Amino acid sequence: MKEPKILIVEDVRMIADYMELILFHNGYRIAGVVASGEEAVVTALKTRPDLVLMDIKLDGVIDGITAAAMIHDQSDIPIIYVTAYTDKAVFERAMSTNPSAYLHKPFRGNELIDTIQIILDGGRGVMGQPKPGSLQTTVVASPGRS
């Protein structure tokens, strides 16, 4: 079985490098590492990764939520938001794009890998709205996309 291919969309290079290292050590291939919403859309549609890890605040004109919506308009690639945003309005806007999961920074490597594996195995990770300053908790709903 070939390793799943994941696109990392993150504008903070240190975080992108950390994600890339975690993915590599857990047997995943990297479809690319991009820092803008525009690059995310082009790269996702060109490389057709198995999954996209999407930050919300990005370099460029469009943010991660808009990029995710554009990707979903043209594909069924699962998207996991990986973000520091805990604002309710941003969370609700992100959830309107029907992501596969919403993971809050800071995250631990095992949280990232567990969330990815659940999504690739057909599950859907649903994260509740966190309290500002709290660490996120992942709650997994039944398999399938809503």
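## Burial and the model

A residue counts as buried when its relative accessible area is under 20%, as exposed when that area is over 50%, and as partly exposed in between. Lys 105, at 18% relative accessibility, therefore counts as buried. The model discussed here is a predicted one, and its values should be read with that in mind.

In soluble globular proteins, nonpolar side chains tend to be buried together. In this model the largest nonpolar core has 23 residues, and those with the most contacts inside it are Val 9, Val 52, Met 54 and Tyr 81. Two or more residues come from each of strand 1 (5-9), strand 2 (29-34), helix 2 (37-47), strand 3 (51-54), helix 3 (64-74), strand 4 (79-83) and helix 4 (88-95), with helix 3 giving the largest share, four residues. Another core lies apart from this one and has 18 residues, among them Ile 6, Tyr 28, Leu 53 and Ile 119.

Tyr 81 deserves a separate look. When its neighbours within four places in sequence are left aside, the contacts of Tyr 81 include Met 54, Ile 56, Gly 64, Ile 65 and Ala 68, and also Ala 94, Pro 99, Tyr 102 and Leu 103.

## Aromatic pairs

The structure holds three aromatic pairs. One of them joins Tyr 18 and Phe 107, whose rings are tilted, with 5.7 Å from centre to centre and 35 degrees between the planes. This pair links distant parts of the chain, since Tyr 18 belongs to helix 1 (residues 13-25) while Phe 107 sits in the loop between strand 5 (101-104) and helix 5 (109-120), 89 residues apart. Tyr 18 counts as partly exposed at 37% relative accessibility, whereas Phe 107 counts as buried at 10%.

Ring pairs also link Tyr 81, Phe 91 and Tyr 102 into a cluster, and Tyr 81 is one of the residues with the most contacts inside the largest core.

## Salt bridges

Seven salt bridges are found in the structure. In one of them Lys 105 pairs with Glu 10, the closest N and O atoms being 2.7 Å apart. Because Lys 105 lies in the loop between strand 5 and helix 5 and Glu 10 in the loop between strand 1 and helix 1, the pair ties together parts that are 95 residues apart in sequence. Glu 10 is buried, with a relative accessible area of 2%.

Arg 93 forms a salt bridge with Asp 63, where the closest N and O atoms are 2.7 Å apart. Arg 93 lies in helix 4 and Asp 63 in the loop between strand 3 and helix 3, so this pair ties together parts that are 30 residues apart in sequence. Arg 93 is partly exposed, with a relative accessible area of 38%. Salt bridges that share partners join Glu 10, Asp 55 and Lys 105 into one network.

## Backbone features

The peptide bond that runs from Lys 105 to Pro 106 is cis, with omega near -5 degrees, and Pro 106 is placed in the loop between strand 5 and helix 5.

Although Arg 48 is not a glycine, it has a positive phi of about 45 degrees; Arg 48 lies in the loop between helix 2 and strand 3. Asn 98, which is not a glycine either, has a positive phi of about 60 degrees and lies in the loop between helix 4 and strand 5.

Notes
Residues numbered from 1 in each chain as written. Predicted model: local features only at pLDDT ≥ 70, side-chain atom pairs only at ≥ 80, totals over all residues. Heavy atoms only, no water. Phe/Tyr/Trp six-rings, centres within 6.5 Å; stacked < 30°, edge-to-face > 60°. Buried < 20%, exposed > 50% of the residue type's maximum accessible area, 1.4 Å probe, protein only. Core = buried A, V, L, I, M, F, W, Y, C linked by side-chain atoms within 4.5 Å. Contact = heavy atoms within 4.5 Å. Salt bridge = Lys/Arg side-chain N within 4 Å of Asp/Glu carboxyl O.
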